[in-house]
Structures are given as structure tokens and as C-alpha cells.
Amino acid sequence: MTSTTNNGLAILIGAGPGDAGLLTREGETWLRRCEVVLYDRLANPALLALVPDSAERIFVGKRPDHHAKTQDEINALLVEHTSAGKLVARLKGGDPLIFGRGGEEADALAAAGCKFRIVPGITAAIAAGAYAGISLTDRRCASTLALVTGHEDPTKDESTIDYAALAGIDTVVFYMGIGRLEQIAAKLIESGKSPDTPAALVRCATRPEQTTLTATLGTIYQTAQDAGIRPPALLIVSPAIDPDRRIDWFSQLPLHGQTVAVTRSRTQASRVAREIESLGGLAIEVPTIDIRPAADAEHSTEVVECIGGFDMLVFTSPNGVDHFFATLFELGFDARTLADVEIAVVGPGTAAALEAFGLRADLMPEATFTTAALGETLCGLDLTDKRILLARSDIAPKILPEQLTAAGAIVEDLAIYTTAKPDALPAAAADAFAENTVDWITFSSSSTVDNFLTLTGEQATSFLKATKIASIGPVTSDTLRAAGFEPTLEASPHTIDALIDAIKNYA
Ligand code: SAH
């Protein structure tokens, strides 16, 4: 074995089964630092968001329209980038060493004298057990567990799997077995497992689209055929499978099986989407607005630089908060610059965005979280000669600064960010609408309605007639009605949390 003199290091990281939250903290630490990432299909795309923007992203998995890289090519890429002195993350679904060919990759790195580490991940079997409520080992009935590849054809002589031995194992889990389900089940029965043994297929474990089928070893193939189950799925054969699924908590979550299209700005959509997912739903983000720094960034910088000279700072959206602080930090300042400045926000979402920067809002309307209510709250104070900075979008209505000026304040209405329209629906959203699988669509402002209608053009009617519509409040609902669409529900109070609650409680 030769040894390299450079600092190259490869990390084989188990990405876990699908839910981004199931990555280990060690895996996250390395992903956040890497310079190159090699990933494949089973790794959740949300994990790639942890990788620095500057890192090179290399897809090495199979994709219908792409020639898959061979294992040799992947090994060569790993060695090439590591030898070049890079910190290389190799992100693999589940655990790298459980049917993941991580052993071959580590061998190739070792042979080339490259330094490497291996970070384990939650393998599909463990994940399916937890998320489908199947206790893979259970003191009462299952003391042994086998993980088996279903990739080999059990009817062919070259199969290395000892089915007779498997018949004596309590819980047997097959990976990659969907294509050969019939042969696998037949072979297990032929080798001595009772056809009455409970069997389950768990597809897309831990993902919002997770589905579980339960049957017996004798009937599982026909059950799978009837349901048309597709990979990725595991076959679990075990006396510990409860046909009543009493501990299958995941499929009992309030939004399990519901697909929710979330129309919001790119930065804010993620939080709503995560919320929907934590309730078991499948969130599809539909960015109808791109949020960008305002065109006149120089002006923003000049105003923010003088923030110490203002008495009050007013935010009417989380985007305003984010862009204000981005500008403040670029100037080399931090939150201490705001020590003597009162801060007012329109509602809890904006307050939360502010708290992310370590600051609490001094003022917020009490019950209704609208700009009008904020104006009333502020005008209830003595504003005479108060210097107030509004950090808002370039299209924010002028009524708030007018109200404050009329009340005696000296107002600077700073357009710190601007909104632009994306050109097309993201592919995932376009597919879901075309396939008619969207159960809900959420609108969080009139502009998300307008932009969605522009974005979808003639298709808007067929898309919106086929789904339930959740509106954040009366103004947004009016915009929907004006376009001919009646909201199914309206949030009260007019917050994102209330909107999600309303969807949750609808059923
Ligand atoms: N290294 C991975 C396995 C890769 S082999 C791991 O440790 O999980 C690919 C097979 O894993 C698929 O054919 C399927 O059987 C199984 N698999 C992976 N992710 C899965 C998931 N989320 N739900 C069910 N099965 C999954």
C-alpha cells in the first residue's frame, strides 16, 4: 500500500433511508465541509442542501435517461478526487456497507493509498421496522434476524443463499427482492418456512409516500401483484408482524398519504414543507416567487449602515428580516448594532425569523397579523419625530409609510428585496398536477395566487378544480374568488401555522 502525502480524505457516508432527519450528526458534519460529493438516487436530495454551494456535485446513480456509472467508474472517481487532495463525501442510501458496495469503494481507496472514513447510516431494514411498526427482533417471538439480498435468482444454481438456513431464522428481510418476490417466497416455503408466516412489504420507508402491505408468505406475491408495488421496497418475513398494525404509528399521522402543493417564495416554502412532512404528508414545493436582493443594493447598504440612527425598525415579512441581516452582516456589523433600536414585526412568522438572529420583537399586533393591524398598533404610540425604517419588498403597498408619516414619524421605506416570477413549475409539481395526485394547494398571499395563475396559464383551471384549496386569509381568498376559485378553507388567525392546522383538522 502506498501512502499519499496530500490531505485528501474520502468519507463514505450512510445517508439513511430517505427521511433527511435520519442522517447522523457525524454524516452531517462531513457533508457540510466537503469539497466534492458523489451521490446516488436513494439519497434524499434535501441532504445535498447541506453541502457547501462551492462543492462539486457528481451524480453517480442510475437515472432513466442516463447511462449509470459502473462501480469501477465510481471507485475511480473517488480515488481521483481524493488523490487530488479534496475532502470527498460519498453519500450512499441507507448504510454504506449494507448492500451498498461501500466495501468495494473502501477497498479501492485503501489500494490507492487514500485516507478514508466510514460513517454508518440507518439501513432500510431498521428504518422499515421503526416506521412500519415491525419489531424485527421481539422477545416474545423473534430472536434471530437475517438481512438478505433478493438480487440473486434463487432458482438458479449460482445462488449463494442458503434458504434452508434462512428457514430457521425468525425474521428475514430481503433487500432488492421485488422483481423476484414469487421465487423468493416459493423457495422459503419449499425450504421449510410455513406459508402462514406473516409477511410484509414496506415501500419507501420513512418517506411521506411510505406504504406497507401485510399478508402471509403464501399470499404476499399475489398481494403485491394486486397492489402493483414497485421498488424500493423490502420484504419482511417474521412472526413479529402484527396484521392489525397496532404499532404502525407513521401511517397514522394526520397528513399521511396527503400530497400538499405549497406555493410560497423559495426560501419560505421549505419551512412549510417540513411542517407538512412532519405531519406525515408529502409536500411539493411550488415556488411562485423568487426572492432576490433589491436591484439597488448600494442604496440598501447605505441605509442599513445608518441603522443606529433610527429609533425603530419595522419588518412585515421573514424575507425582509433575512435580507436586512444579510446586508447588515455584509457590512461587518452584527445584532449589537440594533441595541438601541426598537423592532416591530407584523406577526409570529416574522418574529420567529427575527429570533433566528437572536433578537426578540418589541412590538407585534395582538390578534390580526396584517400590515393594517401593524399600522394601527404603531399609530397607537407617540410617533412624533420618531425615525422609522421599514425593510420591505419593492412592491409593498405605500399605505403603511403614509399612515406613519401622518402620525408624525420620519419614515424611510427601504425596498430591501424584490420578487420575480420563475419561468416554469418545477418538474415534481408539474408531474403531480398532471397525474392528478395533489390533494391540497396552499396560498399564503395574493401574489402567490397571481403568480401561480401566470405560471400555469391555461392549465390553472384544471389544476385548481381537482384539488382542495387552502388560503391564508381574506385578502388571498378574495383574489382566488376573483379568478373563479373558491377556497376550501381559510386560516384563522392568518398565519402559516394556522393554515397547516386547518388542513390537518379538515378531515
Ligand atoms: N445501502 C442501502 C441498501 C441499498 S440496496 C441500505 O442500507 O438501506 C437497495 C435496496 O434497499 C432497495 O431495493 C430496497 O430493497 C432497499 N431500500 C432502500 N431504501 C429503502 C426504503 N426507504 N424503503 C424500503 N426499502 C428500501
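These legends go with close-up views of a predicted model.

Close-up 1. A nitrogen atom of the ligand has a backbone N or O atom of Ile 98 at 2.7 Å. For Asp 95, a backbone N or O atom is 2.8 Å from an oxygen atom of the ligand. How much of the ligand's accessible area does the protein cover? On its own the ligand has 540 Å² of accessible area, and the protein covers 92% of that.

**Close-up 2. The second largest pocket.** Now hop over to the second largest pocket, which holds about 1600 Å³ of space. It is lined by 47 residues, and the ones closest to its centre are Thr 316, Ser 317, Val 346, Ser 444 and Ser 445. Which helix gives the largest share of the lining? That's helix α12 (residues 348–355), with 5 residues. Split by class, the pocket's lining has 19 nonpolar, 23 polar and 5 charged residues. Both domain 3 (259–289 + 424–506) and domain 4 (292–420) supply at least three residues to the lining.

**Close-up 3. Two cis peptide bonds.** Here's some background before you look: most peptide bonds are trans. The bond that joins Pro 231 and Pro 232 is cis, with omega at about -5°. You can find Pro 232 in the loop between α8 (220–227) and β10 (233–237). Another cis bond runs from Ser 492 to Pro 493, and its omega is near -5°. Look for Pro 493 in the loop between β19 (489–490) and α19 (496–506).

**Close-up 4. Cys 204 and its positive phi.** Most residues other than glycine have a negative phi. Cys 204 isn't a glycine, yet its phi is positive, about 50°. Where does Cys 204 lie? Its spot is the loop between β8 (198–203) and β9 (211–216).

How values were computed. Residues are numbered from 1 along each chain as its sequence is written. This is a predicted model: local features need pLDDT of at least 70, side-chain atom pairs count only at pLDDT 80 or more; totals for chains, interfaces and linings use all residues. Side-chain values use heavy atoms; hydrogens and water are left out. On a 1 Å grid over the protein atoms alone, a cavity is a set of points where a 1.4 Å probe fits but cannot get out, and a pocket is an open set with protein on both sides within 12 Å along at least five of seven lines; lining residues have an atom within 4 Å of a point. Grid points are joined across faces, edges and corners, and a volume is the space filled by probe spheres set on the points. Helices (H or I, at least four residues) and strands (E, at least two) are DSSP runs, numbered from the N terminus. Ala, Val, Leu, Ile, Met, Phe, Trp, Tyr, Cys and Pro count as nonpolar, Asp, Glu, Lys and Arg as charged, and the others, Gly among them, as polar. Domain bounds come from an automatic or database domain assignment. A polar contact is a pair of N or O atoms within 3.5 Å; within protein, one must be able to donate a hydrogen and the other to accept it, and residues adjacent in sequence count only if both atoms are side-chain atoms. Accessible areas come from the Shrake-Rupley method with a 1.4 Å probe; for residues, only the protein chains shown count as cover.
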